[in-house]
Amino acid sequence: MTAIEIKNLVKSFGAVKAVDDVSFSVEAGSVTGFLGPNGAGKTTTLRSLLGLVTPDSGEALVNGRPYTSLAAPLTEVGAVLEATSFHPGRTARNHLRIMCTAAGLPAKRADEALDQVGLADAANKRVLGFSLGMRQRLALASALLGSPKVYILDEPANGLDPAGIEWLRGFLRHLAHDDGAAVLVSSHVLSEVEQTVDNVVIIAKGRLVRQGSLAELTTNGGEVIRVRTVKAAELAPALEAAGAQVESVDDGVLRVRGLDTEAIGQVALDQRIVLTEVAQERSDLQKVFLELTEGR
Ligand SMILES: Nc1ncnc2c1ncn2[C@@H]1O[C@H](COP(=O)(O)OP(=O)(O)OP(=O)(O)O)[C@@H](O)[C@H]1O
């Protein structure tokens, strides 16, 4: 059964079509990055999946059913929403214990989840003094309580420092690839999720722009390195002899596939050819995302 399924989802707020006929799915064992500029419709889509927004038409299903018909939601889907609010006077542990009680889960899950997100030392601290990054970790801990196999995370990297973002990447990959969970994670920053996700869904102005595996969207039929040199005519055959496919562009610029920058540098050195530029070309994914976010 498909873990997360969005089928022809449509939702307007007055004159604003926040989500306009969007369809995609997320399978178990994979991380999908849900990308788009601010106001693209990401949050509305995720809130539809969690029964917090009623679609005008279409469906948003978790394990084949609408969220509102799940018998024990916390054990089926873990969610982190933007700007999750916590009772500021409660400690992190108490916050999670109250959730456990409400959901009929054993209280020990609170400490286990805090441990999983690296907040064990802050278990007895009041949420009032938590940084944004700590709040994000606490929100993630609450998503983990019921050990679900589906995760819906809205901008979970917000407020995390670089080390926190690195930790989150590893954690999401572990949930999907080791625990077999389906993870849908939204972001308006491509670089934040690029190293984490298996698949990408891009929306803008409520419409689906692109979807596919990261490999499909980033390789472009193989990584391309742009090389500039005044001796392009000599370098091209040497690179080809080393196994590259080489395309000549104007002004002594070569587009090279099949060799990485280091190997290209080595060939140039062997030929005593000076390179004045060596750069990796932007992938299709980077181009698409840049076009969408440019000028914003
Ligand atoms: N409750 C609401 N009432 C009115 N308009 C809304 C509501 N929720 C969202 N919108 C509008 O719908 C559009 C999509 O918003 P949404 O929050 O889903 O986008 P987003 O991709 O999550 O953006 P962000 O990254 O800024 O959160 C925006 O134009 C937004 O202003």
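## Surroundings of the ligand

In this predicted model, helix 1 contributes the most to the shell around the ligand, giving three residues. Two elements supply two or more residues each to this shell: helix 1, which spans residues 42-49, and strand 2, which spans residues 16-26.

The residues that surround the ligand are F13, V16, A18, G36, N38, G39, A40, G41, K42, T43, T44 and H188. Sorted by class, the shell comprises seven polar residues, four nonpolar residues and one charged residue.

## Backbone angles with positive phi

Most residues other than glycine have a negative phi. Against this background, two residues of the model deserve attention.

N8 is not a glycine, yet its phi is positive, at about 45 degrees. This residue belongs to strand 1, which covers residues 4-13. E155, also a residue other than glycine, has a positive phi near 50 degrees. E155 is found in the loop that connects strand 6 (150-154) with helix 6 (162-177).

Which of the terms buried, exposed or partly exposed applies to N8? N8 is partly exposed, because 13 other C-beta atoms lie within 10 Å, and a residue counts as partly exposed when this number falls between the limits of 12 or fewer for exposed and 20 or more for buried.

E155 has 21 other C-beta atoms within 10 Å and is therefore buried, since the cut-off for a buried residue is 20 or more.

Key:
Residues are numbered from 1 along each chain as its sequence is written. This is a predicted model: local features need pLDDT of at least 70, side-chain atom pairs count only at pLDDT 80 or more; totals for chains, interfaces and linings use all residues. Helices (H or I, at least four residues) and strands (E, at least two) are DSSP runs, numbered from the N terminus. A residue is near a molecule or strand if its C-beta atom, placed from the backbone, lies within 6 Å of it. Ala, Val, Leu, Ile, Met, Phe, Trp, Tyr, Cys and Pro count as nonpolar, Asp, Glu, Lys and Arg as charged, and the others, Gly among them, as polar.
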